[in-house]
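Visitor: Hi, I've just opened this one and could use a hand finding my way around. Can we look at it together?

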Amino acid sequence: MESFSFLAITFLFLLHSTTTSIAQTTTAPAPAGPLNVTAVLEKAGQFNTLIRLMKSTQIADQINNQLNNSNTGITIFAPTDNAFSSLPPGTLNSLTDQQKVSLIQFHVIPTLITMSQFQTVSNPLRTQAGNTDNGQFPLNVTSAGNQVNISTGVVNTTVSNSLYSDNKLAVYQVDKVLLPLAIFGSAAPAPAPGPASSKVKKKPTAAADEPTASPKDAVDASSGFRLHWIISEMWILSIVIGSFFWLHL
């Protein structure tokens, strides 16, 4: 009987140890997987439009490959769904596929920038959209205390929240879509009108009942005036001569 009791106790002890070991194994944390930018945005919520654009332009795959296969960090400015909804109707649909790529790349900085580093960054920041030398994709960031201001030349906004940060990836929430000059800049002004062509002012035409005299008419009128003057002088002279003879008779 004592042997049976010993065996039973031993069996129960082994069963308890095995159960505890299994429980500990199932509750151990899973190893960390590769970084996934869309998973970060999905967890944060309210970024469905940005996620859709990142996937359709394949920029999400490019970012994930860079994060997991290189030592280069990435900073992302993430506009909310409300930010996209605030754009004029049809804005996104009016863009070409390449413009959509550039728009999303404009929100991605190919280096890791922490909140404190915004105070010392050099402007304009280089984004994945392209070179800033030609002024088409300028992204300027200034920091005042805990506030980070962003200007694109078209839009001014601020960083409203830090969504994610580690030694490779930083994701910051912005409440406006960052619109680059290259796509959304104001249209080039129309060329200034040239000087108005000088027009020779025409003399007002005479009224219909007052025709302008021709040169020939003017000559005829002058000749007639002279003939009339000669006749008058001769008539006066004849009167004077007649009176002279009359007085001496």
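Visitor: What covers the buried residues of H3?
Guide: This is a predicted model, and in it the cover over the buried residues of H3 includes H2, helix H4 (59-69), strand E1 (74-79), helix H5 (81-85) and helix H6 (97-105).

Visitor: And which residues in H3 are buried?
Guide: Thr 49, Leu 50, Ile 51, Leu 53 and Met 54 are buried there. Met 54 also turns up among the residues with the most contacts inside the largest nonpolar core, along with Leu 41, Ile 63 and Ile 76.

Visitor: How many residues has that largest core?
Guide: It has 31 residues. H2, H3, H4, E1, H5, H6 and strand E6 (169-174) are the elements that give it two or more residues.

Visitor: Okay, new topic. How many salt bridges does a search of the whole structure find?
Guide: One. Glu 42 and Lys 55 form a salt bridge, and their closest N and O atoms are 3.8 Å apart. Glu 42 sits in helix H2 (residues 37-44) and Lys 55 in helix H3 (residues 48-56), so the pair links distant parts of the chain, 13 residues apart.

Visitor: What about the loop between H2 and H3? Which residue there has a positive phi?
Guide: Gln 46 is found in that loop. Its phi is positive, about 60°, although Gln 46 is not a glycine. With 41% relative accessibility, Gln 46 counts as partly exposed.

Visitor: And what follows H3?
Guide: Gln 58 does, with a positive phi near 65°. Gln 58 is in the loop between H3 and H4, and this residue is not a glycine either.

Visitor: Why does Gln 58 count as exposed?
Guide: Because its relative accessibility is 51%, and exposed means over 50%.

Visitor: Let's talk rings. How many aromatic pairs are there?
Guide: The count comes to four. In one of them, the rings of Phe 106 and Phe 137 have their centres 6.0 Å apart and their planes at 55°, so the pair is tilted.

Visitor: Where do those two lie?
Guide: Phe 106 is in the loop between H6 and E2, while Phe 137 is in the loop between E2 and E3, so the pair ties together parts 31 residues apart in sequence. Phe 106 is buried at 0% relative accessibility, and Phe 137 is buried at 9%.

Visitor: Which residues form an aromatic cluster?
Guide: Phe 77, Phe 118 and Tyr 172 form one.

Conventions: Residues numbered from 1 in each chain as written. Predicted model: local features only at pLDDT ≥ 70, side-chain atom pairs only at ≥ 80, totals over all residues. Heavy atoms only, no water. Salt bridge = Lys/Arg side-chain N within 4 Å of Asp/Glu carboxyl O. Helix = DSSP H or I, 4+ residues; strand = E, 2+ residues; numbered from the N terminus. Buried < 20%, exposed > 50% of the residue type's maximum accessible area, 1.4 Å probe, protein only. Contact = heavy atoms within 4.5 Å. Phe/Tyr/Trp six-rings, centres within 6.5 Å; stacked < 30°, edge-to-face > 60°. Core = buried A, V, L, I, M, F, W, Y, C linked by side-chain atoms within 4.5 Å.
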